[in-house]
Amino acid sequence: MNTHEPLAQRIARLAQATRRAVTSAAEEMRLMQQQQRWRYLCDAGRAAREERAGHYARAAQAWQTALASARGKDVSWCRARMALCQLYARAPLRDGGLRAG
């Protein structure tokens, strides 16, 4: 089951309905910014889930994907999380080679 499907469907439905109603460039710009924010939240959520699961290499890639749609303070957050995940992915396991969980 794709956990992103409901959000993706909602974005597509909103985009389709809004395209019909867009009457000015300002409204279209606002819609694009909103879609970009939803994309960031979806990608960042996936990265956080991978990180919590201990899949640091996959989490680092997901943070990089989220970085593409991040704006403002989210840019530095994505870069920091990506760097940390890359560090953890390269670190040797400290518990004798067994990962907890």
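Visitor: Which residues of helix 2 and helix 4 meet?

Guide: Arg37, Tyr40 and Glu51 in helix 2 meet Asp74, Trp77, Cys78, Arg81, Leu84 and Cys85 in helix 4. Contact here means heavy atoms within 4.5 Å. The residues of this contact of helix 2 with helix 4 divide into five nonpolar, no polar and four charged. Ala, Val, Leu, Ile, Met, Phe, Trp, Tyr, Cys and Pro count as nonpolar, Asp, Glu, Lys and Arg as charged, and the others, Gly among them, as polar.

Visitor: What kind of model is this?

Guide: This is a predicted model, in which local features need pLDDT of at least 70 and side-chain atom pairs count only at pLDDT 80 or more, while totals for chains, interfaces and linings use all residues. Residues are numbered from 1 along each chain as its sequence is written, and side-chain values use heavy atoms, with hydrogens and water left out.

Visitor: How many helices and strands does the protein have?

Guide: Four helices and zero strands. From the N terminus on, the elements run α-α-α-α. Helices (H or I, at least four residues) and strands (E, at least two) are DSSP runs, numbered from the N terminus.

Visitor: Why are helix 2 and helix 4 called roughly parallel?

Guide: Their axes cross at roughly 25° and come within 12 Å. Axes are lines fitted to C-alpha atoms, for helices over the stretch in contact, and angles run from 0 to 180 degrees between N-to-C directions. Under 35 degrees counts as roughly parallel, over 145 as roughly antiparallel, 65 to 115 as roughly perpendicular and the rest as oblique. Helix 2 and helix 4 are therefore roughly parallel.

Visitor: What makes helix 3 roughly antiparallel to helix 4?

Guide: The angle again. The axes of helix 3 and helix 4 cross at roughly 160° and come within 8 Å. That makes the two helices roughly antiparallel. The contact takes in Trp63 and Ala66 of helix 3, and Cys78 and Cys85 of helix 4, among others. The residues of this contact divide into 14 nonpolar, two polar and two charged.

Visitor: How do you know which way helix 2 and helix 3 run relative to each other?

Guide: Helix 2 and helix 3 pack at an angle of about 170°, with their axes 8 Å apart. They are therefore roughly antiparallel to each other. Tyr40, Ala44 and Glu51 of helix 2 and Trp63 and Ala66 of helix 3 are among the residues that make this contact.

Visitor: Is Glu51 buried or exposed?

Guide: Glu51, found in helix 2, has 12% relative accessibility, so Glu51 counts as buried. Buried means under 20% relative accessible area, exposed over 50%, partly exposed in between (1.4 Å probe, protein chains only). Not counting residues up to four places away in sequence, Glu51 touches Tyr56, Ala59, Trp63, Arg81, Leu84 and Cys85.

Visitor: Why does Ala80 get the label partly exposed?

Guide: Ala80 lies in helix 4. At 43% relative accessibility, Ala80 counts as partly exposed.

Visitor: What makes up the largest nonpolar core?

Guide: The largest nonpolar core has 13 residues. Such a core is a set of buried Ala, Val, Leu, Ile, Met, Phe, Trp, Tyr and Cys residues joined through side-chain atoms within 4.5 Å. Tyr40, Trp63 and Cys85 are among those with the most contacts inside it. Helix 2, helix 3 (56-69) and helix 4 (73-90) are the elements that give two or more residues to this core. Helix 3 gives the most, with five.
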